[in-house]
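Subject: Structure handover

Hello,

I am passing on the structure we talked about. Please open it alongside this note.

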Amino acid sequence: MLTLGLDKYEDIFRPLLFRLPAETSQNIAEYALSHQWLWRGLGTLATHRDKQLESEYCGIKLKNPIGLAAGFDKNCEMIPSLANLGFGYLTVGTVTEEPRAGNTKPRLLRIPEQRAILNALGFPGTGLVKAAHRLEEVQHLTKSVPIIVSISGTTEDQIVRCHRRLEPICSAVELNISSPNTAGLKIFHQSDNLTKLLDAVNKQRERPLAVKLPPFVASNSSDAESHRESVLALVKGCSSAGIDAVTIANSLPTKDPRMAVGMGGMSGKPVFNDMLDMVRAVRSEIGGSLAINACGGIFTGQDAADALSAGATTVQLYTGMVYRGPWVANKIGRELSSQMMSRGFRSLDQFRIGTTE
Ligand SMILES: Cc1cc2nc3c(=O)[nH]c(=O)nc-3n(C[C@H](O)[C@H](O)[C@H](O)COP(=O)(O)O)c2cc1C
């Protein structure tokens, strides 16, 4: 019944928002999402519930496997509204220890003909103290929607301090070592540095931990094979360190003169096939030892089904919400449910094994 109303985003609101600069549209979306009463009311009407979509992620029960990816709510300010949009979990952040201004503008671009976004934001954010304060205020919401906090930093100590402060007030932590827009993060692309970091975090951790990986595809195609091997080495490091999950993957480093810094991270449809390829390769490398969050170009129930079939445990998205609107998780959930019904599947696991037996 409300479905018709929900589709107004693509017909009416998106064309209006897309006339504005991308960061202005993002600010408008953030303003709209600051009115939690509105989303609570609409969410009750719009939410798609289906017991067959219930999932588990590292021991955490999810109403569905469709999560919000990191970066949309960098400062943990919109959680009460986001909790009503039908997502199975929310990833908020990336939170860094100190407040950061991010890179110079222009640093955000939509590419509608490719259903993509290019961003070179560089972690603008209000920092750890404010994020912790906001998370404490909404901690009770983790009972209905698990909240995963993405953290990062350019030194091991910064990351360990962020983890220590935030882990007790969220459901799980995602360690972002892969933002293409932040100088200094690449030190954790070296296996030794990542292992040292994970050892330090493991000493204090009590909740699930995921690492968000860089994509397989390298910006310089001449070193594609060695790049792929080095990312696979990171995966093996994660597995040996006994962490719980990997998120595959962050946005794809892409040169573009329209960005003030000359490059940005590509998200959306252009990264979807590479993401599927990487999920398949990582699943075959590590077997069932880690959960995999598939992230990159998930727009539809079919995309989510493809990612689950490739070996993902959950999916998560950002760009899909910009193109399909705030109810994207409900739309994808509905599409997944109808796929299950038409294929005679009784659980999501049947996408993973591709059979009704
Ligand atoms: C504007 C923008 C900001 C982002 N900020 C972050 C971030 O702070 N931390 C992070 O781990 N990923 C960030 N990402 C990457 C997304 O979480 C995701 O990995 C990527 O966009 C691919 O998924 P998608 O195609 O569904 O958007 C950002 C993406 C976009 C478009």
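Below is what was found, taken sheet by sheet and then site by site.

First, the ground rules. This is a predicted model: local features need pLDDT of at least 70, side-chain atom pairs count only at pLDDT 80 or more, and totals for chains, interfaces and linings use all residues. Residues are numbered from 1 along each chain as its sequence is written. Helices (H or I, at least four residues) and strands (E, at least two) are DSSP runs, numbered from the N terminus.

The barrel

8 strands close into a barrel. Their order is E3-E4-E7-E8-E9-E10-E13-E14, and the pairing is parallel. Two strands pair if DSSP finds at least two bridges between them. Neighbouring strands here are turned by 25 degrees against each other on average, direction ignored. Axes are lines fitted to C-alpha atoms, for helices over the stretch in contact, and angles run from 0 to 180 degrees between N-to-C directions.

The open sheet

A sheet of 4 strands is open, in the order E5-E6-E12-E11, and its pairing is antiparallel. Strand E5 (108–111) and strand E11 (252–255) are the edges, each pairing on one side only. Neighbouring strands of this sheet are turned by 30 degrees against each other on average, direction ignored.

E6 pairs with E5 over 4 bridges, in the antiparallel sense. Leu108 stands opposite Asn119 in E6. E6 also pairs with E12 over 4 bridges, again antiparallel. In E12, Ser267 stands opposite Ile117, and Gly268 stands opposite Ala116.

In a regular strand the side chains alternate between the two faces of the sheet. In E6, Ala116 and Leu118 point one way, while Ile117 and Asn119 point the other. All four are buried (20 or more other C-beta atoms within 10 Å of a residue's own; 12 or fewer is exposed, in between is partly exposed; C-beta atoms are placed from the backbone).

The ligand shell

Which residues come nearest to the ligand? Ala69, Gly71, Ser267, Tyr318 and Thr319 do, out of 27 around it. A residue is near a molecule or strand if its C-beta atom, placed from the backbone, lies within 6 Å of it. Strand E6 (116–119), strand E12 (263–268) and helix H12 (319–324) each supply at least two residues of the shell. By class, the shell holds 11 nonpolar, 14 polar and 2 charged residues. Ala, Val, Leu, Ile, Met, Phe, Trp, Tyr, Cys and Pro count as nonpolar, Asp, Glu, Lys and Arg as charged, and the others, Gly among them, as polar.

The core

The largest nonpolar core has 103 residues. Such a core is a set of buried Ala, Val, Leu, Ile, Met, Phe, Trp, Tyr and Cys residues joined through C-beta atoms within 7 Å. Leu90, Val246, Ile248 and Val279 touch the most other members. Beyond four places in sequence, the contacts of Leu90 include Gly67, Leu68, Ile79, Val145 and Ile148. Contact means C-beta atoms, placed from the backbone, within 7 Å.

Backbone points to check

- Gly93 and Thr94 are joined by a cis peptide bond, with omega about 20 degrees. Thr94 is in strand E4 (residues 89–95).
- Lys105 and Pro106 are also joined by a cis peptide bond, with omega about 0 degrees. Pro106 sits in the loop between E4 and E5.
- Cys76 has a positive phi of about 60 degrees although it is not a glycine. Cys76 lies in the loop between strand E3 (66–68) and helix H5 (79–82). Cys76 counts as buried because it has 27 C-beta neighbours inside 10 Å.
- Arg115 takes a positive phi near 50 degrees in the hairpin of E5 and E6, which has 4 residues between the strands. Arg115 is partly exposed, with 19 other C-beta atoms within 10 Å.

Asn84 is in the loop between H5 and E4. With 23 C-beta neighbours inside 10 Å, Asn84 is buried. Its contacts beyond four places in sequence are Trp39, Arg40 and Gly43. Asn84 and Gln36 are 48 residues apart in sequence but 8.5 Å apart in space, C-alpha to C-alpha.

Best wishes

Notes
Two residues are in contact if their C-beta atoms, placed from the backbone, lie within 7 Å.
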